[in-house]
Structure formats: C-alpha cells, structure tokens
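Open the model in your viewer and keep the selection tool at hand. We will go stop by stop.

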Amino acid sequence: MSQQAVTPQSQDFSAWYNDVVYKADLVSPSPVRGCLIIKPYGYEIWEGIRAGLDKRFKATGHQNAYFPLFIPESYLKREAEHVEGFSPELAVVTIAGGKELEEPLVVRPTSETIIGEAFSQWIQSYRDLPLLINQWANVVRWELRTRPFLRTAEFLWQEGHTAHATEAEAEAETLQMLDAYADFAMTEAAIPVVKGRKSDIEKFAGALRTYTIEAMMGDKKALQSGTSHNLGQNFAKAFNIKYLSRENVEEFCWTTSWGMSTRMIGGIIMTHGDDKGLRLPPRLAPIQVVAIPIYKNEDERTAVLDTVHRLVKELRGAGLRVHIDDREDTPGFKFNDWEMRGVPIRLEVGPKDVQNNKAVLARRDIPGKDGKQFISQDGIVAQVNDLLNAIHDNMLAQATTFREANTHDIRTYDEFKALAEKGGWARVWWSGSNEDERKVKEETGATLRCYPLDQPGGAGTCFYTGKPADRVAIFSKAY
RNA sequence: CGGGGUAUAGCGCAGUUGGUAGCGCGCUGUGUUUGGGACGCAGAGGUCCCCAGUUCGAGUCUGGGUACCCCGACCA
C-alpha cells in the first residue's frame, strides 16, 4: 500500500488536483482528447448540483426545454461579436449520412442563436413575455488546453434563456439569476463567492453586460463559477425577436442568458479539498454518511452488522444518503479510502459500541481524534443532521476565512506584481482602459475578475494609471 | 500553431553491447488478520502504438506515420 496518497497541495497543486479527481473515483480517462468520462460518484455530485439549481430555477418561474445539439452554421454568424468569440473553438459537422451537408452544422458551444431563432417564432405579443426557459445540455468548445471538470472539450451545463419587454426587466432577471447562483454556491456547495460584473474584455461574446460569481481556490487562484448575461437587444436584433406592445408598437425584446457547468465540481474540489483528498460539502455529497463495521470474528461481525443495519435504516428513513462499507479490507484502509472520497461523516460501529449502545461519528472536516466523538445510538438521526449542518457551516467559514486572508488591498503596481507572484486576490481602485487591462494581464498573468457589486463607495486612485477611480476591481490569476 | 517529451500487463514504470518480457500497485483463489493505509501461499493477465527497413534474430537500430503529455498564445 504505497500509492494511496495524493501529491501534497503545497508541493504541486495541479498534480494534487489530478490525483484527487482520479483517486476519488470521480472520472475515468476518455479515449477522446480533452473529454471526460464522469463516473457514477462524480456524476452524483453533478446530480446534486442539478437538483439544487433546478429547484431555484423553478421557484423563479422558469421551465425546462430542450433544443438541438446541432446549429446551422449561418446562425452563429448573425451576431458579429458572438461568432468572433466562439469560432476558433467550434466543432463542425460537414458530413452526415455519408454525404457532404449543404450547410455545415455546428455542435453547439452555447445555444443563444438556436434558442433566439425559436424565441422569434414563439413571441408575438407583450402577453408572451417574459419567456423564461432553461435547458440542461452538453456543449462543445474545442479548447486547446483542457483539465478535468475545469475545462473540457465537452461539458455539461444548464443555460437559461429569457426574453423580456424592457431593459429593466432583463437586468432584474440577470441579477436575480446571479443571486440564485450565489445562494446555491454558499448554501449547498459551501463556497463563498463574490458577485460582480465583468469588464468589457472579459464579458460574454455578444452580451451587453456579464455578471459573474468568483470563488477563490485552494491555490489562491480565482474560478469563475457561474455567469449571467444581460444580452441587451443584440440577439433580439440578430434573430428578430420582436413583440407587439400594449400600445400596438413593434418592439425588440431584451434577452438574457445564464449558465453554470460541471466546472462547479472542479470548484468544489479545489475549494475544500485537502492532502487527504476530497472534502465534499454535506448537502451535495453523494454519500453523506459511510458506515464502517468493525469486528474480529464471525460472532462480532454478525452483532456489529446487525446494529449497523438498524442505525442505517433509521438514517435512510430520515432521507439521509448512507452507504455501508462491508468490504473485507481493514478498517484503517476504509477510513483512508472514504476520506479520499470526501464523505462528510464516518459512522464506526464496533463490538464495544454494540454493548454500550454507542457509536462513533468522525467528521471529515476535522482530521484525526479531534473530529471523532462517541454518541449514543438513541436519537442518531438528529445527531447526524446537526453534525452535517455543522460541517457545512465550518467548511463555508474555513473557505471564507481563507479568501479574506488572501485578498489584499493593493495601491501600487509594484505591490500588485508581488502579489501576482505570490498568489492571492488584489482588490484595487481601477480606472484603466481596455488596453491597460490587457497590459496588466500580459505583464502579470492576473486578469480583472470582476467589479464586485458590493462597492465601498467614494473614490480612490487607480493603482495602475494613478488617475482618479470611482470603483474597485478584483484582479487575480484564474482558471 | 511554435518549443520540449512520451508510447511496454488495468494503472505507474524498468528493460544493459540486438538473443524471444519483468517490477510495484491492482485483479482471482485461499488461509491468517481487522478500532487509522495487514500478511503468507497459489494464480490470471502482453499486437512491446502503427507501417516499412536493417539483421540469422528487433521492445531495443533506421526511416515514415499516428496518438498522447508538458510549456506558451485562446478559453465556462
């Protein structure tokens, strides 16, 4: 047994990430470059994300629909910025059924165009608005450099697409969905995020304004974890999405789109993981409690398993996701194995516990003895529920503390460069131009992650240009 | 697309001056173990990336091809 451990984060964060992704049994290598086989344990995390988001979409009046994977190439070309932004990474089908196609079909990189075309048919009147649609789908972007979950040639996501009568309504929708993402991230994934607006350079191809939630990973880099775009009337004009107003005037709609992807799984791994492997937030963990029976002989085994089954039945009855590990390996092996896989709570039951009506709960977020407690078998459901909530709160608190400790108010470019070298977020007054922003990126590798919605107010001096600035931005290296 | 590298068992790798393929992990069976990564014994598992060439003989040498990985530019 020597290959169980992962590369320590401090030694090589990137190698650590890859080790965890494979050893925690989330993915399997794909025969196709840049793609990924998501194994059941990894896919169940996605199912949890999906459930958490879908609930929020439905609660805000959205309905799911499904649009085709293939998009006529000409659609992409109708919005100039959009095609320019995506064309380098498109996969295009030119032959089908053994024949060259009249018009090549693009494998969707995102669906604004094909959905825009459909919306133009569906919407006639102001009475048809707002139109609130979401789609769960796979999309393809032929990226040159890929990493499991964070950037893959094909990935799973949801993309919301809505149409509204006024700019104000579209903006409200855009911000509402940003809030939904932020709430999901914190409430379910225990990831603290900063809500903000993207700079012109970083915004979505074809959008008026792009909003983002940014999270800090364990290596202090930023991960854009969800985006919400106010598309203005750009796509409405490109796809002729018009309605007749109450005043009997033909108007273009205002549209939005917003998405969160399997990248979020990478965010969870890199926000919470440690040198023992994955740490899954309790509300998304496919297995919330793993029960490990401990025994020395056949008699003990029978008695212990009897108790385990009784406790697990109780827990499952309360809706908890519980797994019994009855493999023949040693307890020590199992402890490490499930720590690698990030299960929040381990339930140990041994012969002594059977006799004393006790059990051991060990929490993943607190290593070693400190995280272990003896509990009474009576009222186990409440005790486990409380502990799951405590673990969630602790993980969110830990990640928040880490982010705050590594976010610095920077005043000069020298300080900025030093921080970019060392790692961390720079919170700065900023009044630079697009050109300045590109230069900063070129010189330091750090990009303008967002203008946080939560602004300090007042005015300051831009760290780069030295000119007066009326807003702060966060810069960081990012995934 | 530029620069570098790799290709041998499921995974990670070794393979000497060219002589007919091995190690660790994993896997199967079995016995002893089991409250923090157990061990013994017995097994299974190979198109040495592909094509051509040199040679009595190629995992090893030569030429060509393919795939993948790493570093840059592009990116949810």
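How many salt bridges are there? The count for this predicted model comes to 27 salt bridges. Let us visit some of them.

**Stop 1: R56 and D183**

Select R56 and D183. They form a salt bridge, with 3.0 Å between the closest N and O atoms. Now colour the two helices. R56 sits in helix α2 (residues 40–59), and D183 sits in helix α6 (residues 167–187). The partners are 127 residues apart, so this pair links distant parts of the chain. Is R56 buried or exposed? R56 counts as buried because its relative accessibility is 12%, and buried means under 20%. D183 is partly exposed, at 38%.

**Stop 2: R427 and D409**

Next, select R427 and D409. Their side chains meet in a salt bridge of 2.9 Å, N to O. This time look for strands. R427 belongs to strand β21 (residues 425–429), and D409 to strand β20 (residues 407–409). The two residues are 18 apart, and the pair links distant parts of the chain. R427 is partly exposed at 29% relative accessibility. D409 counts as exposed, at 51%.

**Stop 3: R438 and E435**

Move to helix α14 (residues 434–444) and select R438 and E435. The closest N and O atoms of this salt bridge are 3.3 Å apart. Because the residues are three apart in the helix, about one helical turn separates them. Both ends are partly exposed: R438 at 43% and E435 at 44%.

**Stop 4: a network**

Select K276, E339, R346, E348 and K372 together. Salt bridges link these residues in a network.

**Stop 5: the largest cavity**

The whole structure has three cavities of 30 Å³ or more. The largest holds about 80 Å³. Select its lining: E112, I115, G116, F119, H161, T162, L231, F235, I241, T255 and T256. Which element gives the most? That is α5, with four residues. By class, the lining has five nonpolar, five polar and one charged residues.

**Stop 6: the second largest cavity**

Finish at the second largest cavity, with a volume of about 40 Å³. Select F416, L419, A420, G424, A426, A446, F475, S476 and K477, which line it. Here α13 (413–422) and β25 (472–476) are the elements that give two or more residues. The most come from α13, with three. This lining has six nonpolar, two polar and one charged residues.

Key: Residues numbered from 1 in each chain as written. Chains lettered and ligands numbered in written order. Predicted model: local features only at pLDDT ≥ 70, side-chain atom pairs only at ≥ 80, totals over all residues. Heavy atoms only, no water. Salt bridge = Lys/Arg side-chain N within 4 Å of Asp/Glu carboxyl O. Buried < 20%, exposed > 50% of the residue type's maximum accessible area, 1.4 Å probe, protein only. 1 Å grid on protein atoms, 1.4 Å probe; cavity = no way out; pocket = protein on both sides within 12 Å on 5 of 7 lines; lining within 4 Å. Points joined across faces, edges and corners; volume = space filled by probe spheres on them. Nonpolar A, V, L, I, M, F, W, Y, C, P; charged D, E, K, R; others polar.
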